[in-house]
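Dear colleague,

I am handing over the structure below, together with some notes on what was found in it. Please read them alongside the sequence.

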Amino acid sequence: MSTDDDLAPIRERIDAIDAELLRLISERADCAREVAKVKDAAGQATHYYRPEREAEILRRIKAQNPGPLDDEEIARLFREIMSACLALERPLSVGYLGPEGTFTQAAALKHFGHSVRTQPFGTIGDIFREVEAGSCNFGVVPVENSTEGVVNHTLDTFARSPLRIVGEVMLRIHHHLLSRATEIGAIRRVYSHQQSLAQCRGWLDRHLPAAERVAVGSNAEAAKLASRSGDCAAVAGEAAAELYELRSLAQRIEDEPGNTTRFLIIGREDAPPSGRDKTSLLLSCRNEAGGLHRLLTPFAEQGISMTRIESRPSRQGVWDYVFFVDVSGHRTEPKVAGALMQLKTAANLCKVLGSYPEAVL
């Protein structure tokens with residue numbers, strides 16, 4: 001029996017499975033249209049995207065995944081199905097830190113899928129303003145990197161904005177050395193965002209010690225600049241390489257293999273509980289002995305896990321600080337709500353930036 005004869009029944013089975021998948025995806029899309037009709041009839045036309053609902057679905061799918069595809073790949077496939085179905089109800093507009101080809105755009109597409117309309121903006125402040133104005137439904141902004149720490153501009157902008165955090169994305173960051181050149185020895189200048197240059201400092205010291213390092217606004221901008229000269233390179237991702245038609249002279253040059261950036265999804269409304277949530281807060285206290293202890297005591301008394309704390313100058317006085325705090329749980333949960341009640345008397349400022357689903361990796 002020939003190889004084709006052996007493969008024929010397997011191929012027939014694949015064709016039958018594909019037909020059933022197509023039927024079920026179409027049925028799911030019809031259900032999405034019915035959801036839109038019900039929401040329109042109830043006057044809930046602005047509530048098409050439900051971050052807590054998507055998080056619940058993805059967690060359930062991962063828990064039920066029998067393999068052989070891994071959980072991350074299964075989640076990616078279902079995100080795209082949900083994205084396409086949501087676009088039937090109402091396509092979302094999502095602002096990100098541009099230009100096209102940045103890691104922030106990659107984070108937006110990972111979270112929302114490829115059926116949304118992504119809009120690039122030049123600064124983090126621009127993203128906040130466009131979402132506040134309603135020009136974009138949501139925005140995606142970087143907040144911290146596992147190697148280089150927090151993105152201070154994002155934290156400072158939250159202090160002045162009425163927007164809410166409605167989700168988070170964890171994106172593994174892989175940096176590549178991209179250029180028109182054919183060999184590393186030809187590189188005389190390297191462009192990248194200052195955080196990316198810092199994340200690849202060790203590799204650059206070893207392989208390009210004499211090359212000038214130039215910090216620019218984004219990795220995509222770096223790739224665009226590198227595409228104009230044969231002796232320049234950019235530290236950027238795969239999307240930028242494809243967009244600006246650059247060669248990858250070296251791959252995964254980040255110094256830390258687990259290099260990950262956390263992005264926040266910002267919107268105008270709170271996200272309901274998903275069952276596995278975080279709450280982000282902006283707190284301040286009097287500059288006196290025991291002030292910070294009094295801020296943190298309510299979390300300890302309520303048995304709430306604090307996952308992050310960062311301090312930033314308040315800009316209202318010398319040595320006066322505000323604290324950005326992440327805790328486990330949704331603001332509507334009894335323990336979190338109890339801690340927030342205590343903070344009203346313990347803190348000079350207690351601003352809830354948002355309660356939102358933990359990232360589904």
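A nonpolar core is taken here as a set of buried Ala, Val, Leu, Ile, Met, Phe, Trp, Tyr and Cys residues joined through side-chain atoms within 4.5 Å, and please keep in mind that the model is a predicted one.

In the largest such core, which has 22 residues, those that touch the most other members are Ile127, Phe128, Val141, Phe158, Leu264, Ile266 and Phe324. Two or more residues each come from helix 5 (124-133), strand 3 (138-145), helix 6 (152-160), strand 11 (260-267), strand 14 and strand 15 (349-357), and helix 5, with four residues, gives the most. Leaving aside residues up to four places away in sequence, Ile266 touches a list of residues that includes Ile127, Phe128, Val141 and Phe158, as well as Asn137, Gly139 and Arg164. Another core, of 21 residues, lies apart from this one, and Phe138, Val140, Leu171 and Phe263 are among its members.

I also looked at helix 11, which spans residues 291-302 and in which Gly291, Leu295, Pro298 and Phe299 are buried. Seen down the axis of helix 11, these buried residues fall within an arc of 105°, so they line one face of the helix. The cover over them includes strand 12 (277-284), strand 14 (321-328) and helix 12 (334-346), whereas the face turned away from the buried side carries His293, Ala300 and Glu301, which are exposed. After helix 11 comes Gly303, with a positive phi near 70°.

With best wishes

Technical notes
Residues are numbered from 1 along each chain as its sequence is written. This is a predicted model: local features need pLDDT of at least 70, side-chain atom pairs count only at pLDDT 80 or more; totals for chains, interfaces and linings use all residues. Side-chain values use heavy atoms; hydrogens and water are left out. Buried means under 20% relative accessible area, exposed over 50%, partly exposed in between (1.4 Å probe, protein chains only). The arc is that of the directions from the helix axis to the C-beta atoms. Contact means heavy atoms within 4.5 Å.
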